[in-house]
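Open the model in your viewer and keep the selection tool at hand. The tour below goes stop by stop, and each stop begins with something to select.

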Amino acid sequence: MTTTTGNDLFRLASRTSRMHASDIREILKVTSRPEVISLAGGLPAPELFPVDRIRRAFESVLARDGQVALQYGPSEGYQPLRELVAARLTSLGVPAASTNVLVINGSQQGLDLVAKLFLDPGDAVLCENPTYLGAIQAFDSYEARYVIAPMDDDGMQTGVLDALLADRAVKFIYALPNFQNPSGRTLSAARRRALVETARRHGVPIVEDDAYGELRFEGEPLPSLRSLWPEGVIYLGTFSKILAPGFRLAWAVIPDALYDRFVLAKQPADLHTAMVTQMAAHEVASDSDAMAEHIDRLRDVYRSRRDTMLRALGEWFPPGCRWTHPQGGLFIWADLPAAINTRELLAEAIENHVAFVPGQAFHADGSGSNTMRLNFSNVTPDRIEEGVMRLGKAIATRLGAR
Ligand SMILES: Cc1ncc(COP(=O)(O)O)c(C=O)c1O
């Protein structure tokens, strides 16, 4: 891991000392070698990108409306896309008016904007343990502190929230209720209500990061946090997992009282999101039948890959290992016996041409040295089977060697 602490020639801002190269980016350099079975990344299956439809959409937008598509546009986003996103979300149980929708460059930009608006150095974010690494990176660059809520199979444990929110430095709660990255866990309905009730009572807003909500393979959808508290929840969604991450297109649904602040935070970052991509994505997504069919296909493929991985884990991981059973999304999370350090295991795994992400990086408190994140969306079933077998054998050897 490299740390940026300034350099000999120039004096950088002190916050750069919190900027680290991500474990995942480092691992992805190795995993681009074709002989390595990578269960490490968080990438969608590229063979499922609707490339032809997207190509036709760009062509028709440029032919029909090229001058608008290539011009500067409004910071809030392309109005027909804001309307489409609002209608889609409302039909999915996330109430939104177009005036609440801000189009952003990936939901990653939403995390940066939230941090920019809420965090002074030393302020705290209440987050799940583990949580999304990209969020930790975004919040770190605003010098955040973390207040950690433990998790179990029902997601964030809400019984401790009252005590945690006694820390008045907590400016917002960062929650991933559906098929969390990295753990694959889903927050139960009762805990959703408890989370919102407690946050509301303490006057602390919630950032609901829902990158995977539409990728549910089993079970019934649960109420969005935003539906339970529209005035206090900033909701983030994205085209990255349901169309293609290369669009870098996502949306924040923002309570009325905060909306203008977000626009003011986005303007100095990039003025606005590219019109041509917004218009092409609008063209693709406004065919709602084709979109529904496409998402059904993603669910089918990912469900079957998840099932393959669950079966292989049952067969190859030794006793003492536990793993989650995600109802959607892209990841399974494994807890290994405490004797296994997954960073050390990774070095050995890579020699055996298989990669995963050691779980410690997802823990804002530095715990989790015996955990790992496994991705099933970007690997074919035969390689999932083979990769899990190699990992299981490496774990068994380490345990046997003790
Ligand atoms: C939980 C979560 N939030 C946000 C993002 C960022 O997504 P994007 O910027 O592509 O919308 C990701 C990407 O993997 C994610 O897993």
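Which residue forms a salt bridge with Arg 306? Select Glu 218: Glu 218 is the partner, and the closest N and O atoms of the pair are 3.0 Å apart. A salt bridge here is a side-chain nitrogen of Lys or Arg within 4 Å of a carboxyl oxygen of Asp or Glu.

Before going on, note that this is a predicted model, in which local features need pLDDT of at least 70 and side-chain atom pairs count only at pLDDT 80 or more, while totals for chains, interfaces and linings use all residues. Residues are numbered from 1 along each chain as its sequence is written, and side-chain values use heavy atoms, with hydrogens and water left out.

**Stop 1: the two domains**

Colour residues 14-49 together with 291-400 as domain 1, and residues 51-287 as domain 2. These bounds come from an automatic or database domain assignment. The C-alpha centres of the two domains lie 24 Å apart. Domain 1 gives 39 residues to the contact, and domain 2 gives 39 residues; contact means heavy atoms within 4.5 Å.

**Stop 2: the interface**

The size of an interface is often given as the accessible area lost when the parts come together. Between domain 1 and domain 2 the buried area is about 3500 Å², with 57% of it from carbon and sulfur atoms. Buried area is the accessible area (1.4 Å probe) that two parts lose on being put together, summed over both. Now select Arg 18, Met 291 and Gln 327, which supply 23% of the area that domain 1 buries against domain 2, more than any other three residues.

Three salt bridges are counted between the domains. There are also 18 residue pairs in polar contact across the interface, both residues being at pLDDT 80 or more. A polar contact is a pair of N or O atoms within 3.5 Å; within protein, one must be able to donate a hydrogen and the other to accept it, and residues adjacent in sequence count only if both atoms are side-chain atoms.

Next, select α11 (288-316) and β11 (331-335), the elements that give two or more residues to the side of domain 1 that touches domain 2. The largest share of that side, eight residues, comes from α11. Helices (H or I, at least four residues) and strands (E, at least two) are DSSP runs, numbered from the N terminus.

**Stop 3: Arg 373**

Select Arg 373 in strand β14 (residues 371-375). Is Arg 373 buried or exposed? Arg 373 is buried, because its relative accessible area is 2%; buried means under 20%, exposed over 50%, and partly exposed in between (1.4 Å probe, protein chains only). A polar atom of the Arg 373 side chain lies 2.7 Å from the backbone oxygen of Ala 40. The Arg 373 side chain also makes a polar contact with the side chain of Asn 181 (2.9 Å).

**Stop 4: two cis peptide bonds**

Stay at Asn 181 and look at its peptide bond to Pro 182, which is cis, with omega near 20°. Pro 182 is in the loop between β6 (170-175) and α7 (189-202). Then go to Asn 129 and Pro 130, where the peptide bond is cis with omega near 5°.

**Stop 5: positive phi**

Finally, select Arg 248, in the loop between β8 (233-238) and β9 (250-253). Arg 248 is not a glycine, yet its phi is positive, about 50°. Leu 271 has a positive phi near 65°, and lies in the loop between α9 (256-270) and α10 (275-285).
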